Amino acid sequence: KTLGYMKSAHHPKPVGLVLQYGTAGFRTCAKKLDHIMFRMGLLATLRSKKTKATIGVMVTASHNPEEDNGVKLVDPMGEMVTPAWEGYATELANAEQEGLLPTLKDLIEREAIDMAQEANVFVGKDTRCSSESLSKAVMDGVCALGGHYNGLVTTPQLHYLVCCQNTQGRYGEATIKGYYQKLSQAFIQLTKNVPNRTDDQKTLLVDGANGIGALKVSEMETYLKKELQLSLFNDGSSGKLNHLCGADFVKVQQRAPKGVEISAGERCCSYDGDADRIVYYYTDSASRFHLLDGDKIATLISTYLKDLLTQAGLDLQIAVVQTAYANGSSTRYLEDVMKVIVRCTKTGVKHLHHAAQEFDIGIYFEANGHGTVLFSKLAEEKIQQLARDSNANDERKRAAFTLHNTINLINQTVGDAMSDMLLIEAVLAIRGMTVQQWDAIYTDLPNRQLKVKVADRRVIDTTDAERRTVRPEGLQEAIDLLVKKYRRARSFVRPSGTEDVVRVYAEADTQVGSVSWHPALLLIYVVSSPRDDNGAFL
Ligand code: G16
């Protein structure tokens with residue numbers, strides 16, 4: 001207790017600074033985070049004692065600029081920490097220096113934590129300059145109370161390691177090598193019988209966003225035994241993290257990243273700063289840029305899995321989970337053509353993950369490329385049973401084996417750029433599809449996403465999975481008035497949970513005469529308009 005208190009003096013909290021556990025943990029300018037890291041080290045250790053399991057702490061600000069940093073906690077099965085503990089995280093983060101011990105004591109009592117219980121915490125960090133010292137601050141917090149692991153890993157690798165550790169290796173070997181082996185073996189199994197894969201089909205351009213993903217994907221390449229050949233750019237050797245590159249840049253700007261020459265029809269993908277998101281793209285013969293985002297990925301994977309279930313004769317329910325950012329065309333295609341259940345949740349993989357767990361097979365993807373597939377225990381058992389069933393015919397058994405290898409290829413703990421990339425490459429190979437054919441499954445509605453700086457983004461309150469605003473008064477009515485002027489139009493605003501901005505999204509069935517721009521531009525005006533103290537428009 002005394003040790004912890006003394007150490008906290010080395011990580012003092014700036015008086016009055018208030019931060020919130022947001023969409024993906026705490027995230028702000030790296031300079032403001034030292035005390036937060038120390039305290040999250042303490043909290044993770046308490047969580048470990050409480051759950052009697054290994055807990056993960058990831059130091060990263062993912063898609064944010066290099067100057068920012070952040071921290072998120074990973075629960076025993078590799079999932080995001082529960083909402084109640086997000087609340088504790090916020091309480092602990094905001095306690096003034098003299099209030100830290102009483103807050104800790106209160107938490108220990110409320111959760112009836114046995115302080116004699118051993119604790120184990122895995123700490124991961126990305127390649128940001130600030131991550132080194134900030135992860136040490138986490139370790140200081142951990143050391144005040146328990147054991148540790150440290151290293152440079154992508155966010156999804158940390159989730160994987162935590163899950164493997166807590167399932168005593170049933171999910172996989174709890175090492176980075178084990179991660180590479182599990183994924184690459186599954187990929188090789190899936191693609192080895194695909195006839196006549198050409199060099200072009202085996203080659204992929206990868207934008208590493210100048211981050212941790214670049215380092216890790218080159219480590220994995222040797223395990224793929226040339227079944228997939230990666231041409232890596234923005235590998236961190238010169239450029240700046242996420243600057244004019246990476247999945248967020250490509251998705252929001254709808255253009256290719258800096259640092260690469262793309263020939264017509266060539267398949268490319270971009271990771272984000274901690275490699276938990278991925279988007280694909282290509283340019284056509286007229287040099288037009290085509291983006292294949294999280295919605296297109298979800299559609300490709302759903303089509304593939306649905307066909308496999310039909311071949312296997314397995315009656316399992318598939319659902320796709322999206323957010324308000326999902327392109328209207330993707331939702332229509334999934335519901336009307338593919339006839340799969342579609343759910344919409346608030347932004348943040350923790351919400352999508354939760355919703356996907358309700359189905360036999362839950363495919364969740366945010367449009368920004370963050371997502372994965374979850375298989376229920378029942379679904380996995382039925383697939384295993386069929387693969388072992390000597391009475392089943394060859395077609396059914398083959399489909400069951402393919403499903404089994406597909407499960408091994410997927411990181412079910414969280415969205416994972418490397419695992420998603422291998423899955424997409426395997427699906428394209430198995431189905432003999434080009435990137436253009438994949439793109440042609442449906443046509444996106446033209447859309448724009450913008451960030452707006454406002455004095456206090458918290459004045460905006462939303463409902464209906466963030467598709468409508470309830471505060472400030474009059475904002476939703478203003479949006480409705482604009483939207484109803486355009487066909488198939490949809491628009492919303494929401495405060496970001498990772499950056500100090502308000503996000504504005506608009507889509508409509510045409511961009512002709514910049515029509516689809518109008519809602520977005522006018523919304524910026526609406527959001528930035530002066531308001532009185534109650535938030536009403538002046
Ligand atoms: C995080 C979350 C994502 C979310 C994104 C943007 O991604 O994990 O689920 O879509 O932030 O959130 P917001 O719009 O609230 O800022 P990442 O890749 O930055 O960790």
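Residues are numbered from 1 along each chain as its sequence is written. Because the model is predicted, local features need pLDDT of at least 70 and side-chain atom pairs count only at pLDDT 80 or more, while totals for chains, interfaces and linings use all residues, and side-chain values use heavy atoms, with hydrogens and water left out.

**Domains.** Begin by colouring domain 1 (2-152), domain 2 (176-292), domain 3 (294-395 + 408-415) and domain 4 (447-528), whose bounds come from an automatic or database domain assignment. Taken over C-alpha atoms, the centres of domain 1 and domain 3 are separated by 33 Å, and seven residues of domain 1 are in contact (heavy atoms within 4.5 Å) with seven residues of domain 3.

**Ligand.** Which polar contacts, meaning pairs of N or O atoms within 3.5 Å, can be picked out here? An oxygen atom of the ligand lies 2.5 Å from an N or O atom in the side chain of E366, one is 2.9 Å from such a side-chain atom of R277, and one is 3.0 Å from a polar backbone atom of V349. Taken alone the ligand exposes 460 Å², and the protein buries 98% of that, areas computed by the Shrake-Rupley method with a 1.4 Å probe.

**Nonpolar core.** Now select Y271, L305, I361, M421 and W438, which touch the most other members among the 79 residues of the largest nonpolar core, a set of buried Ala, Val, Leu, Ile, Met, Phe, Trp, Tyr and Cys residues joined through side-chain atoms within 4.5 Å. Apart from it lies another core, of 37 residues, including A30, I36, L43 and V57.

**Cysteines.** Finally, select C163 and C344. C163 counts as buried because its relative accessibility is 5%, whereas C344, at 27%, counts as partly exposed; buried means under 20% relative accessible area, exposed over 50%, and partly exposed in between (1.4 Å probe, protein chains only).

How values were computed:
Polar contact = N/O pair within 3.5 Å; in protein donor to acceptor, adjacent residues only side chain to side chain.
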